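Biologist: Could you walk me through this model and tell me what stands behind each term you use? I would like to see each label set against its cut-off.

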Amino acid sequence: MSKSFFVSFFSKKEDSSFLKKISKKLLLIYMVVTPAPALGARVVSLNLCTDALLVMLAPEQVAALSPLARDPSISVVAAQARSLPWVRPDAEAVLRLHPDLVLAGRYGAQAALTVLRSRGLRTEQVDEPTDFASVAREVTDVATALGVPVRGAAMVVTMRARLAAVRPGQGGRAIFWQARGFTAGHGSFGDAVLRAAGFVNAGTGRAIGVEAMLTHPPDVLVTEQAPDYPSLATDLLTHPALAGIRRRTVPPALLACAGPWSVAAVEMLAR
Amino acid sequence: MRGWGIALALLTMASLLLGAAGLGVPDWTILWQLRVPRTGLALLVGAGLGLSGAVLQGVLRNPLADPGFLGVGGCAALGAVGVFYWGVAAVFAPALPLGGFAGAAAGCAVLLYVFRRSPSGPGLILGGVALSALAAALLSLALSAAPNPFALYEITFWLMGGLEDRTVTHLALAVPPIVLGCALLLRLGRGLDALSLGEETAATMGVPIAATLRRAVLGVALAVGAGAAVAGGIGFIGLIVPNLLRPMVGERPGALLWPSTIAGALLLLVADMTARAAGLWLPLAAEPRLGVLTALLGAPFLVVAARRVAP
């Protein structure tokens, strides 16, 4: 089931790109001919972003995911996560699972990680990628840590092929406006997504309010689709005073974590 | 009275000219969809808080009574959080002020029931402090239980208030309950005057004490509840305003009601304009919260007022 998901995720969009066809075939061949390595390895992920990579790269190794993995508004693997165990980022709860490897981010759960490391557990921390090159590095690192480097390589090849196939759309000055009014600044992953879709990023990385947005409006305002659950942070993005600015929206799960899945957001914005 | 009117008109004009876009005449969208709701809400919420403070101080016969200090504002925010984060207000918008009203009314009811023997004693203020701590704790708990995983980040709004980026809808939702609440409270002047002479004297004067208390609670819950639902928890306005006015208009609580309403509106508008100016000209990551400014002014004020009360 999980393998079929993995394949379907990367073949959602029909595309004539040669590279893409090749990479898809490579992936299929690999999936058929190689048995899952590191059988029996039990991996705990404490971070939404590593949750997604773990489920896509080695679903058979999951010991537990973070609770956020089940939330479809921010998780790209919510459907699979529902049938997988989860654990709070709490050292004691994680120790009870006796994992072989603990995946985590650079922020959050750091106290738990310190305890886990002192107990001799193997941990792998990933940085937040700031562009697609660092996504590729992260995928490779996590795949290596999981003992599935070929699956990681296939994932990277597919991602690069899809990115290469993107034909930038109308372009113009765009601001990627996130919860609480933060804009994607230069060197951020949001900036990489905007540029890959053919826009010039007009954001500074600082938070701006509705009035500041109206004072210097961009050609295109890029926001995430309103999530299922209300918050003041996202109410701001749908303020009625902004009705006059052209807007493109992307599903929030695609950019909640930077990953190979974020290419889908680039494809949507370029269209 | 004319002085108040001129001050109100001038400050309202100034408020419409100040914002993140700078100082000057803004374009129509910014004026109507941002500055008007913001200015209107500052005046309305401030009026409700100032008047509620004056009524609470009169009815409880304690100059330290304040809706925020007594936990009524915190309970109102808790009620609003309940309907906002669980999506009720997204389906039925008036649920937002209704939730604030229900929370504020529940807070008042608990406090007055627990201290029904001596509502004017010093115990009620301490009980209010306990209620306000409880409300803040429950607020944090509710936000961490909310379906939105990032809701807890918004606790500063619910505890410290703010009027940035509010919409015309928020203004429309807040007008009816706050105007109704203020109308109820403004009619309590005679009852409060009689109460200031003691409950027995008031009874002989034909003032229904229980009914006065009930109307005060209803009016405060409407004005403070709807205010907290759209502007978050803003403290100290109800404490500062009547205490500031008392030397000018005298000790009679009934005489304080109208001046406290107008001065409350003015004070919150000035606080909000200060927040906007600070966001515009100071190197801050965001505008300072409205409740931060009222607390900066109100905390020293409380110390002075408390020293005067305690011998």
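Modeller: Gladly! Chain A has 13 helices and 8 strands, where helices (H or I, at least four residues) and strands (E, at least two) are DSSP runs numbered from the N terminus. This is a predicted model, in which local features need pLDDT of at least 70 and side-chain atom pairs count only at pLDDT 80 or more, while totals for chains, interfaces and linings use all residues. Residues are numbered from 1 along each chain as its sequence is written, and chains are lettered from A and ligands numbered from 1 in the order in which they are written.

Biologist: What is the average pLDDT of chain A?

Modeller: The average is 86, and 85% of the residues score at least 70; pLDDT is the predictor's confidence in each residue, from 0 to 100.

Biologist: What makes helix 9 of chain A mostly covered?

Modeller: A residue is buried if 20 or more other C-beta atoms lie within 10 Å of its own, exposed if 12 or fewer, and partly exposed in between, with C-beta atoms placed from the backbone. In helix 9 (residues 189–196) of chain A, 7 of the 8 residues are buried, among them A:Phe189, A:Asp191 and A:Leu194. Just after this helix, A:Gly198 takes a positive phi of about 95°. Over chain A, 46% of the 271 residues count as buried.

Biologist: Why are helix 5 of chain B and helix 8 of chain B called oblique to each other?

Modeller: Helix 5 (residues 95–114) and helix 8 (residues 168–186) of chain B pack at an angle of about 40°, with axes 9 Å apart. Axes are lines fitted to C-alpha atoms, for helices over the stretch in contact, and angles run from 0 to 180 degrees between N-to-C directions. Angles under 35 degrees count as roughly parallel, over 145 as roughly antiparallel, 65 to 115 as roughly perpendicular and the rest as oblique, so helix 5 and helix 8 of chain B are oblique to each other.

Biologist: Which residues make that contact?

Modeller: B:Leu96, B:Pro97 and B:Phe101 of helix 5 of chain B meet B:Leu173, B:Ala174 and B:Pro177 of helix 8 of chain B. Two residues are in contact if their C-beta atoms, placed from the backbone, lie within 7 Å.

Biologist: How many residues of chain A are in contact with chain B?

Modeller: 22 residues of chain A are in contact with 24 residues of chain B. Helix 10 of chain A gives the most to that side of chain A, with 5 residues.
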